[in-house]
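Hi everyone, thanks for making time for this. I'd like to walk you through one structure and then take your questions.

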Amino acid sequence: MNEGLIPTSEVIYKLIQELNKLPGIGPKSAQRIAYYLLRTSDEQAKNLADAILSVKQTVKLCSVCLNVTDADLCLICRNDKRDHSKICIVEQPQDILALEHTKIYSGLYHVLHGAISPTEGVGTEDIKIRELMSRLQNGSVSEVILATNTNLEGEQTAMYLSRLITPLGIKVTRLARGLPFGTELEYADDVTLTRAFEGRQAF
Ligand SMILES: [Zn+2]
């Protein structure tokens with residue numbers, strides 16, 4: 001943190017440091033938020049703190065798809081109206097939000113919680129591949145859609161999964177190339193994401 005941003009109170013400094021660790025929050029934004037919180041009512045500050053704590057204490061992973069949920073099964077897995085013969089594989093829970101927003105897909109998901117990255121020491125055992133393979137054992141799934149990010153790690157992961165799943169006789173598709181290389185799914189706009197989904201191809 002540069003010197004100009006050091007406030008006159010240690011507790012404020014601590015708060016700014018913590019806010020600065022959040023994604024997308026630089027030192028200046030962290031400072032702005034900290035001083036905003038100082039001005040806000042006790043009640044509003046407490047609501048924020050409570051919301052953060054209860055998310056950490058109550059949210060767990062769906063026992064089937066590993067999406068975040070506050071029950072044993074997430075809302076998507078619990079929904080009988082969805083197509084249980086399709087599984088769309090994503091890297092992170094927030095990718096599900098991006099895809100659900102497009103309303104183009106009505107199947108189920110599987111969250112890997114990461115992507116294979118030899119350079120960062122993330123191997124096939126470090127993401128939820130074993131859980132995925134056990135879901136595919138009972139023969140009820142006819143299509144797996146690989147919706148990992150279009151960066152190097154996402155492509156490597158898609159390639160690895162394709163080699164693993166295709167021999168099971170399950171159709172494997174990959175989102176179309178409408179997504180520019182390097183795109184993280186959660187930041188893709190609805191139109192691009194919808195086109196990529198509609199144009200998914202055998203992989
Ligand atoms: Zn689920």
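Let's start with helix 5, where P93, D95, I96, A98, L99 and T102 are buried. One thing to keep in mind as we go: this is a predicted model. What do those buried residues pack against? Their partners are strand 2 (68-69), helix 4, strand 3, strand 4 and helix 8. And if you follow the chain just past the end of helix 5, you come to K103, which has a positive phi of about 60°.

Now for the nonpolar cores. In general, nonpolar side chains in soluble globular proteins tend to be buried together. Here, the largest nonpolar core has 23 residues, and the members that touch the most others are C88, V90, L99, Y109 and L175.

If we set aside its neighbours within four places in sequence, L175 is in contact with I145, L146, A147, L185, L193, A196, F197 and R200.

How many aromatic pairs does a search of the whole structure find? The search turns up two. One of them joins Y105 and Y109 in an edge-to-face arrangement, with the centres 5.2 Å apart and 70° between the planes. Y105 counts as buried because its relative accessible area is 7%, and Y109 counts as buried because its value is 1%. The other pair is Y105 with F197, and that one is tilted: 5.1 Å centre to centre, with 45° between the planes. Where do its two partners sit? Y105 lies in the loop between helix 5 and strand 4, while F197 belongs to helix 8, so to speak a link between distant parts of the chain, 92 residues apart. Both Y105 and F197 are buried. Put together, Y105, Y109 and F197 make one aromatic cluster.

While we are on helix 8, look at E198, which is found there too. Is E198 buried or exposed? E198 counts as exposed, because its relative accessibility is 58%. By contrast, F197 is buried. E198 also has a C-alpha to C-alpha distance of 7.7 Å to A176, and the two are 22 residues apart in sequence.

Let me finish by zooming out to the whole protein. There are eight helices and seven strands, and the C-alpha trace spans about 65 × 35 × 35 Å along its principal axes. Of the 203 residues, 38% count as buried. If you take contacts between residues at least 6 apart in sequence, 54% of them join residues at least 24 apart. The accessible surface is about 11900 Å², and carbon and sulfur atoms account for 54% of that. As for charge, there are 22 positive and 25 negative charges, and their mean positions are 3 Å apart.

That's my tour, and I'm happy to go back to any part of it.

Definitions and conventions: Residues are numbered from 1 along each chain as its sequence is written. This is a predicted model: local features need pLDDT of at least 70, side-chain atom pairs count only at pLDDT 80 or more; totals for chains, interfaces and linings use all residues. Side-chain values use heavy atoms; hydrogens and water are left out. A nonpolar core is a set of buried Ala, Val, Leu, Ile, Met, Phe, Trp, Tyr and Cys residues joined through side-chain atoms within 4.5 Å. Buried means under 20% relative accessible area, exposed over 50%, partly exposed in between (1.4 Å probe, protein chains only). Contact means heavy atoms within 4.5 Å. Helices (H or I, at least four residues) and strands (E, at least two) are DSSP runs, numbered from the N terminus. Accessible areas come from the Shrake-Rupley method with a 1.4 Å probe; for residues, only the protein chains shown count as cover. Lys and Arg count as positive and Asp and Glu as negative; His and the chain ends are not counted. The place of a charge is taken as NZ of Lys, CZ of Arg, CG of Asp or CD of Glu. Rings of Phe, Tyr and Trp (its six-membered ring) pair if their centres lie within 6.5 Å; planes under 30 degrees apart count as stacked, over 60 as edge-to-face and the rest as tilted.
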